[in-house]
Amino acid sequence: MRTVRDLAAAVALQADLANGTLDAIRWLGEAYREWCVAIPPAHLRREAELSVAGTITAGTITVAQAGTAVTGNATALAAWSSAIEGRFFRGHTSWYRIARYLGASGFVLEAPFGESSLTAGGYAIVQRFVDLPLDARWVIDVRAQRMGRVLEQMSLEELNRIAPERPEIQSIPTIWCPAPAAPGGYPRLEVYPYPDDAETILVSYYAVPQELDADLRLPANVEETVLMEGALVRAYQRRAAMAGTANQIEAAAFWGNLEQRKRTIWRDLMTEMSMAATVARGATVIRVNRESRPKVSLDTFWRTESST
């Protein structure tokens with residue numbers, strides 16, 4: 001099997017592009033990423049074991065209405081650590097994000113406590129959101145490891161409708177949904193009800209495709225002839241542009257026609273492969289949104305693809 005550089009040289013030769021191999025390597029990479037969107041390929045399927053912290057309810061707390069400082073008795077202080085930063089606190093009904101842990105002084109909320117003051121009252125601290133692996137692109141399913149249970153997937157909007165205040169805390173989560181992205185745009189999910197003890201969840205997902213290495217072969221399940229079709233679309237587009245710049249009208253039309261033919265073939269291939277992969281996959285796939293993302297990522301979004 002040829003390397004990516006070999007394929008790029010073949011693309012450049014077919015498009016009659018002298019010294020076009022480096023550009024063709026880039027075009028093959030672009031075609032590969034489009035191909036990964038259409039499939040997605042088996043070599044990008046991953047499984048991650050993620051931890052969800054148990055709920056903290058030990059001791060009692062004191063917090064003033066409109067204040068942000070939360071203090072605790074000795075029992076509560078003994079249960080807290082810097083790990084609670086970023087988790088969520090509940091005194092009455094609403095959840096408030098914990099901004100800073102202050103040691104023996106308790107902790108500080110990100111927003112003022114909007115309910116009536118509490119003195120030596122009960123409380124809960126939970127981990128609402130779980131960070132996904134940085135390379136996660138499409139989440140397939142989520143399972144609670146201890147019970148071997150597949151969690152029901154909901155959209156964030158659905159969960160907000162049925163449980164806007166997230167009141168439940170119980171032994172095993174039963175629902176998961178995409179959560180607001182973490183700072184930097186990295187993906188997260190929410191599991192609910194929040195577990196009273198620490199839980200491990202297994203997340204199956206498709207990873208963001210890496211850049212192609214010019215001196216390596218393509219992954220075994222990637223068809224080189226298909227990627228060459230995608231790269232040739234770009235190569236012919238380059239030739240048409242070059243001819244147009246040189247005022248070579250007939251040549252520009254010739255290469256432009258070849259580009260359009262290749263583009264039609266490429267789109268048909270992507271459509272056929274996407275439909276075949278959806279049927280074969282037999283799973284619901286959730287695409288992960290990244291507003292700001294690692295260099296290897298692509299712009300995607302949360303949405304559901306049901307098998308047909």
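Twelve aromatic pairs turn up in a search of the whole structure, where rings of Phe, Tyr and Trp (its six-membered ring) pair if their centres lie within 6.5 Å, and planes under 30 degrees apart count as stacked, over 60 as edge-to-face and the rest as tilted. This is a predicted model, in which local features need pLDDT of at least 70 and side-chain atom pairs count only at pLDDT 80 or more, while totals for chains, interfaces and linings use all residues. Residues are numbered from 1 along each chain as its sequence is written, and side-chain values use heavy atoms, with hydrogens and water left out.

One of the pairs is edge-to-face: Tyr-192 and Tyr-194, 5.3 Å centre to centre with 85 degrees between the planes. Tyr-192 has 3% relative accessibility and so counts as buried (under 20% relative accessible area; exposed is over 50%, partly exposed in between; 1.4 Å probe, protein chains only). Tyr-194 is buried as well, at 1%.

Tyr-236 and Trp-255 make a tilted pair, 5.6 Å centre to centre and 40 degrees between the planes. Because Tyr-236 lies in helix H5 (residues 224–245) and Trp-255 in helix H6 (residues 249–281), the pair ties together parts 19 residues apart in sequence. Helices (H or I, at least four residues) are DSSP runs, numbered from the N terminus. Both Tyr-236 and Trp-255 are buried.

An aromatic cluster is formed by Trp-80, Phe-89, Tyr-96, Phe-107, Phe-113 and Tyr-123.

Helix H1 (residues 4–14) packs against helix H2 (residues 21–38) at about 110 degrees, with the axes 8 Å apart; axes are lines fitted to C-alpha atoms over the stretch in contact, and angles run from 0 to 180 degrees between N-to-C directions.

Technical notes: Helix = DSSP H or I, 4+ residues; strand = E, 2+ residues; numbered from the N terminus.
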